[in-house]
Amino acid sequence: MRPLDEKETTAVFEKLFKFTGNNLKNIVESSSHEGVDENAGCYCFRLQKNKVYYVSEALVKRATNIERDKLVSLGTCIGKFTKGGSFHLTIQCLNLLAVNAKHKVWLKPTSEMSFLYGNHVLKGGLGRITENTTAGDGVVVFSMSDVPLGFGIAAKSTQDCRKLDPNGIVVLHQADIGEYLRMEDDL
Amino acid sequence: MELQEQKYQMVQIDLGNLMAYDRHHHFPSVPSERGELVKECLQKGTELVQAIADVLFNLPSTEDRDGPIVQLPPPTTRLPREKHLPKPKPPTKWELFAQKKGIKKRKKDKIVYDEQTGTWKRRYGYDRVNDDKDVPIIETKMTDEPGEDPFAKRKEEKKKRVEKQEKNRLQNLKQAVKVGALPSHVQLAATALPITGTQSAPKKVTKDELGNVAGMAATSTASGGKFDKKLPGEKPAKHPGKYRKFLPVVEGTGMGSQEKQQTDKVLSKLLSKHSHEILDVNKAVTMFNVKKEKKRKNQQGKFSSTSSKLKPKKAAHKKSSKKGFSKKGSSKGQTK
């Protein structure tokens, strides 16, 4: 386990910024209430075997007692670095993103299952979408009852969404909570 | 024809350099103006070029893809030397000795008869006469010690001889340099010896530089120099292991300042890069327009209604605009 390099930090923050915008500050500088210490430490990012974990400092201190090879996971895994050096967000960061998301998309109940199977979101399944979403923005996908289902990249801006035909893709799927069942081994 | 011959007599043409030279040319009267001078020069020049062209086109030509090709004769004008004449090198130590003693050089044959094998072999090089490895038996003498290896001894002696010869060669070269008569191939190769004329001092390598270089050389093995035997007195490498330095995992009490600094730096960079996206121009424009419209409406309404009625309207209008601006940051609303 080690803290992130400067380059790695930039990569992680860039990816998170796509979804949260200026709320990134909340994520990085939020204070944790874990542990028995009086002064609440902050949350920090740690790298273990190419996976980036968002973990409170108190936990990190205790995790140093575990052997490096034997440490499997700590805190919440938010993503991993590929062999090529690029960073991808995984589904486990959904809670973090959902709270601080800048652009959200609500799905109709009929197309919820389709998204949970890993398909992209079509216009026909789109219930609501936040204003001034531009193409290429990160969006968090919710169900109509405000349950976060996953996240993805907006394929079209809000204006263009209106003009689209019902079978056009509006959100490119990146991760959904169905992955917990489908890709149990990978996570 | 006569005139032409006369012209050729006066003009010397060197076809190898494509040059025409008029020895008897002189200006009858030097024109005062520069323009006139230029014109006269050009005129004379054209005459000369014409002479060259005449002779050139009289040469036999071969047909080629691009046109007729003419083989120019070798040039006749002798140009001066580009570089200086090579200085005679000073006689080497052996040459001096030979002169004194009166030893003359003898022509040596390339192939010599080898007594040992009974064949004709080269005097030097591969498969040569009197080679050390061909000697099968060396008889011992009374002066030999019991543990000595005579073959090894011979090898060492040869090495010593070679070293001595090399030393002498270098000494001779140094003498030549003093005079300034270094052979050109050595001159080019020698960076330590100064080039004739300049007195450049040899570059001194500092202790740090040497240390760096030695370190780099030591670690440039496949395994990073980890398994190499260290010489006695050699200090351990300054940069052991990886070159990447990571921040400490957990730093003392509270969040490590270094890590915090780093994250803050990255965060601020990122936010500043995207700061231009904070303001939604379209929304701001529509808000401004709406505000203007309402103002105009109020202005019109002033003439028809009392002032007291306007105030609450204005207050309500202000509130809505404020709400709009605060909403911009976290826009959560339906599309219009």
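Where in chain B is Leu18(B) found? Leu18(B) sits in the loop between β1 (11-14) and β2 (19-22) of chain B, where helices (H or I, at least four residues) and strands (E, at least two) are DSSP runs numbered from the N terminus. The structure is a predicted model, in which local features need pLDDT of at least 70 and side-chain atom pairs count only at pLDDT 80 or more, while totals for chains, interfaces and linings use all residues. Residues are numbered from 1 along each chain as its sequence is written, chains are lettered from A and ligands numbered from 1 in the order in which they are written, and side-chain values use heavy atoms, with hydrogens and water left out.

Most residues other than glycine have a negative phi. Leu18(B), in contrast, has a positive phi, near 55 degrees. Leu18(B) counts as partly exposed because its relative accessible area is 45%; here buried means under 20%, exposed over 50%, and partly exposed in between, with a 1.4 Å probe and protein chains only. A positive phi near 55 degrees is also found at Asn130(B), a residue of the loop between β6 (119-122) and α4 (150-179) of chain B. With a relative accessible area of 67%, Asn130(B) is exposed.

Lys89(B) belongs to the loop between β4 (68-70) and α3 (93-101) of chain B, and its relative accessible area of 57% makes it exposed. Although 88 residues separate Lys89(B) from Val177(B) in sequence, their C-alpha atoms are 8.9 Å apart. Gln71(B) also lies in the loop between β4 and α3 of chain B. Gln71(B) is exposed, at 68% relative accessible area, and its C-alpha is 8.0 Å from that of Pro60(B), 11 residues away in sequence.

Charged side chains come next. Side chains of opposite charge can pair when their charged atoms come close. Over all chains, the structure holds 17 salt bridges, each being a side-chain nitrogen of Lys or Arg within 4 Å of a carboxyl oxygen of Asp or Glu. In chain A, Asp160(A) pairs with Lys163(A), with 3.8 Å between the closest N and O atoms. Both residues belong to helix α6 (residues 158-163) of chain A, where they are 3 residues apart, about one turn of the helix. Asp160(A) is partly exposed at 32% relative accessible area, whereas Lys163(A) is exposed at 67%.

Lys39(B) and Glu36(B) form a salt bridge at 3.9 Å, N to O, and both lie in helix α2 (residues 34-58) of chain B, 3 residues or about one turn apart. Lys39(B) is exposed, with a relative accessible area of 55%, while Glu36(B) is partly exposed at 37%. Arg296(B) and Glu293(B) meet in a salt bridge with an N to O distance of 2.9 Å. About one helical turn separates Arg296(B) and Glu293(B), because they are 3 residues apart in helix α8 (residues 281-304) of chain B. Glu293(B) is partly exposed, with 39% relative accessible area. Beyond these pairs, a network of salt bridges links Asp22(B), Lys44(B) and Glu47(B).

One member, Leu187(A), lies in the segment after α7 (179-182) of chain A and is partly exposed, at 31% relative accessibility.

A search of the whole structure finds 2 cavities of 30 Å³ or more. On a 1 Å grid over the protein atoms alone, a cavity is a set of points where a 1.4 Å probe fits but cannot get out, and its lining residues have an atom within 4 Å of a point; points are joined across faces, edges and corners, and the volume is the space filled by probe spheres set on them. The largest cavity holds about 40 Å³ of space. Its lining consists of Pro3(A), Leu4(A), Thr9(A), Phe45(A) and Arg46(A), together with Glu259(B), Gln262(B) and Thr263(B). At least two lining residues each come from β2 (43-48) of chain A and α7 (257-273) of chain B, and α7(B) gives the most, with 3 residues.

Key
On a 1 Å grid over the protein atoms alone, a cavity is a set of points where a 1.4 Å probe fits but cannot get out, and a pocket is an open set with protein on both sides within 12 Å along at least five of seven lines; lining residues have an atom within 4 Å of a point.
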